[in-house]
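Subject: Structure handover

Hello,

Here is the structure for your files. My notes follow below it.

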Amino acid sequence: MTTNFIGENLLPGQLGHFFIILSFIASFFSGVCFFLAAKSETTDPKASLAWKRLARGSFLFHTIGIIAIFSVLYYVITHHLFEYNYAYQHSNKELPMKYLLSCFWEGQEGSFMLWTFWHCVLGWAVIRWSKGLENRAMTVISGTQVALTTMLLGFYLTPELKIGSTPFILLRDAMVGAPIFSDPNYLANFIKDGNGLNVLLQNYWMVIHPPVLFLGFASTLVPFSFIIAALWKGDYSSFIKPTIIATLFSGAALGTGIMMGGAWAYESLNFGGYWAWDPVENASLVPWLTMVAGLHTLIIFKATGRSLKITMVLYALTYALVWYSTFLTRTGVLGDTSVHAFTGEGKSLYWHLLVVLGTILILSAIMMARRWRSMPSIPTEEALSSREFWMTIGAFVFILSAAHIILVTSIPVYAPLVKWLSGKEIAPPNERELHYNNVQVWIAIMLGLLSGATLYLKFKKTETKAIFKKFLILGGIALLLSLFIGFGQKISGIQYVLMLFSAVFAIVACVYYAFGVQKGKLKKRGAALTHFGFAVTLLGVLLSSYGKEVLSINTTGAQIDLGKSDPMDALKESQENILLFRGSRVAMGDYFATYLGDSSSKEDPRQFFKVRFERIDPKTKQTIEEFVLYPDAFVNPKGQQGLSSNPDTRHYLNRDIFTYVNSIYKAPDKGEYKSDTLHAGDTLFLANSMMVFEGFERDATREGYRPRQEDVTVGAKLKVHTLEEGNYDLKPLLVVRDNQLITVDDSAKGIGLYTRFAGLIPEQNAAIIDTKQLDPKDQYIVLKALLFPYINVLWIGILLTAFGFLMSMWNRITKKA
């Protein structure tokens with residue numbers, strides 16, 4: 001028996017399914033036509049042109065289909081059609097419009113759609129500008145689109161075997177057997193609202209970070225398609241310039257996307273910083289490292305004819321690593337080792353992603369095996385003083401960094417195999433940040449030195465005497481600056497001192513190279529600017545991480561339980577968090593912190609905690625600086641017990657003070673109001689303030705009170721004076737409505753004071769004012785505060801690096817060869 005469900009809007013889902021199938025078929029047909037066009041390029045140019053026209057038309061239909069899927073899903077989300085599982089799981093009616101966009105990429109299906117969309121945009125760029133590479137490159141791109149659109153099909157080949165997951169599945173089909181669907185009117189009777197967006201994604205960075213990051217991921221396909229095109233035809237000259245340009249764009253986009261994620265973590269997560277070596281962060285960084293290595297070996301090939309084979313391997317490996325990172329983060333294999341990997345809904349993708357990854361690896365291996373012996377190479381060794389020798393060393397260091405990161409990140413993947421083969425159990429390092437830092441710091445040292453030195457070397461051979469003298473001068477300047485910075489920031493430890501010197505040396509070398517060697521050649525300074533930005537980034541990482549200081553030291557000796565299961569973690573967190581009772585002033589580093597209370601509103605589900613910071617001159621005892629921070633938290637989000645905290649930060653030119661709340665307590669309101677009769681001008685002394693009754697106000701109104709035409713309203717004007725909080729103007733109301741008295745209370749939550757206009761004594765011109773003031777010990781927060789010195793150096797370095805990539809790209813575009 002078929003149930004006719006009431007209120008369901010099925011048309012958007014039907015349109016969505018249609019456009020998914022359209023885009024799948026169109027991408028498949030486009031790939032076949034581009035393949036046939038490529039096959040007949042030399043044998044039958046007219047047939048090749050005809051196939052190319054068909055292929056472009058099919059790719060146009062595919063693009064239209066993808067845009068239509070986006071539009072339909074956007075309609076479903078913004079119109080709160082909770083009969084669809086995607087809208088129900090990822091949105092609700094309270095979300096502001098800007099966060100409704102984030103609902104797209106919270107789920108698997110939406111993020112694959114975003115990836116596919118960027119491939120469409122980049123595909124048209126390849127069609128427009130790749131010239132002779134178009135047919136072969138677009139065969140690869142269209143084939144990849146086939147793989148991606150299968151992720152959206154949601155077809156069952158057998159009851160157990162499913163291909164993809166459609167964003168247009170109905171809620172009743174996703175939750176088969178749920179009792180609510182026995183009611184034909186389940187939408188009206190049971191589904192009042194959606195589950196809502198993950199609270200971690202309710203941040204403006206998450207509106208822009210995923211699109212930029214996925215643009216970076218998608219853009220790695222373009223250089224990969226170019227190297228496959230080169231291997232296909234055996235043409236190793238025409239692919240060089242477009243591949244370099246595409247790689248420079250991809251380096252800028254992916255690098256920017258990664259560090260936008262760092263900025264999101266810094267502002268929205270309680271990582272205690274911008275980078276925590278989380279597996280998801282690592283998985284996005286590794287393809288960037290191998291791609292940069294490939295860029296440098298390709299430049300070597302262009303200049304000298306060397307390193308073609310390793311270049312092909314690196315570009316193929318980069319694109320395979322993009323899919324491998326998707327496998328890591330979306331199949332649940334990382335489990336609870338990452339704070340923002342998919343752990344449940346992605347398990348159905350496990351074999352699907354493995355098939356795609358295997359196809360990429362097999363295709364790349366076959367293409368390279370066919371051409372391996374015929375690929376041009378130079379049998380002689382590079383000169384030790386040549387630029388290509390040291391650029392190759394630099395590429396190897398990038399590869400070394402990537403290998404270490406991906407091997408440690410992948411431990412949950414291969415640990416079962418190791419146990420099966422050897423009986424030994426392996427696990428990710430307990431001190432994750434310490435482990436990565438202890439290895440990667442040496443890699444940073446080598447990259448810093450190479451970033452500065454290689455600019456001065458020439459391809460094939462360099463005059464060693466002149467360059468050695470220049471390096472001595474640059475090294476001397478860098479040493480003096482390093483000593484100045486090192487002593488000022490109290491940097492110790494041989495590895496950190498060497499990292500400081502290498503970063504400063506690279507900065508000095510890049511500045512001199514840009515202005516002393518490349519005089520007046522602004523367009524050609526892209527490489528120097530990129531290396532300079534990278535060196536500034538290394539310096540920012542060192543200064544902000546090494547000098548990071550915990551301000552919220554618990555000096556009471558009392559154990560603060562923050563729910564950590566590991567005893568050492570529990571002890572560490574107890575020592576680095578401080579208990580702040582409302583209204584109590586506590587020393588915190590160079591500051592005094594006072595928790596002033598919390599606030600919330602109907603428009604924003606977060607709870608804000610007001611904390612005042614003061615810095616006192618030790619000699620004069622005068623306040624020389626004062627500011628208020630508002631760290632916030634979602635309390636019991638989505639019906640789950642606990643906090644999801646968002647930090648608040650005080651930004652300075654040379655440092656940041658970073659705060660977040662780890663625990664809160666607010667006792668149930670058991671206080672009773674105390675009544676006082678007050679005449680105009682009377683003063684009432686309270687626990688930590690005094691209140692003056694200034695008189696009455698007829699026809700009074702204030703925020704929160706909605707008057708009716710028949711209301712007669714009187715307000716009691718109250719001025720509250722405090723020593724530390726300044727003044728509060730309160731106006732509780734007394735309303736006569738339908739021969740009944742109604743009171744509208746007012747409060748000064750910062751000091752826990754609540755007031756009520758309880759009555760009027762006309763003959764005495766007096767008011768009966770009820771007051772209640774909460775005990776400060778009935779409310780507290782547990783706060784963690786960190787100081788990050790010179791973190792702006794890091795952000796500036798990242799921006800300069802990205803800008804350097806784009807400047808180099810523009811230089812390559814405008815060059816004739």
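Is Ala785 buried or exposed? Ala785 is buried, with a relative accessible area of 0%. Buried means under 20% relative accessible area, exposed means over 50%, and partly exposed lies in between (1.4 Å probe, protein chains only).

Some ground rules. This is a predicted model, in which local features need pLDDT of at least 70, side-chain atom pairs count only at pLDDT 80 or more, and totals for chains, interfaces and linings use all residues. Residues are numbered from 1 along each chain as its sequence is written, and side-chain values use heavy atoms, with hydrogens and water left out.

Confidence: pLDDT is the predictor's confidence in each residue, from 0 to 100. Its mean over the protein is 89. A value of 70 or more is reached by 95% of the residues. Strand E1 (residues 155-156) is lowest, at a mean of 79. Helix H11 (residues 221-233) is highest, at 97.

Overall: the protein has 23 helices and 23 strands. These are DSSP runs, numbered from the N terminus: helices are H or I with at least four residues, strands are E with at least two. The C-alpha trace spans about 110 × 80 × 60 Å along its principal axes. Of the 817 residues, 53% count as buried. Contact means heavy atoms within 4.5 Å. Among contacts between residues at least 6 apart in sequence, 69% join residues at least 24 apart.

Back to Ala785. This residue is found in strand E23. Leaving out residues up to four places away in sequence, Ala785 touches Glu549, Val550, Leu551, Ser552, Met588, Phe658 and Thr659. Glu576 is 209 residues away along the chain, yet the two C-alpha atoms are separated by 8.3 Å.

Strand E23 (779-789) also turns up in the packing of helix H22. In H22 (residues 567-575), the residues Ala570, Glu573 and Ser574 are buried. Seen down the helix axis, the buried residues fall within an arc of 100°, so they line one face of H22. The arc is that of the directions from the helix axis to the C-beta atoms. The buried residues of H22 pack against E23 and against strand E12 (655-666).

One more site: His209. Its place is in helix H10 (residues 205-219). His209 is buried, with a relative accessible area of 9%. Beyond its neighbours within four places in sequence, His209 is in contact with Gly257, Met260 and Gly261.

Best wishes
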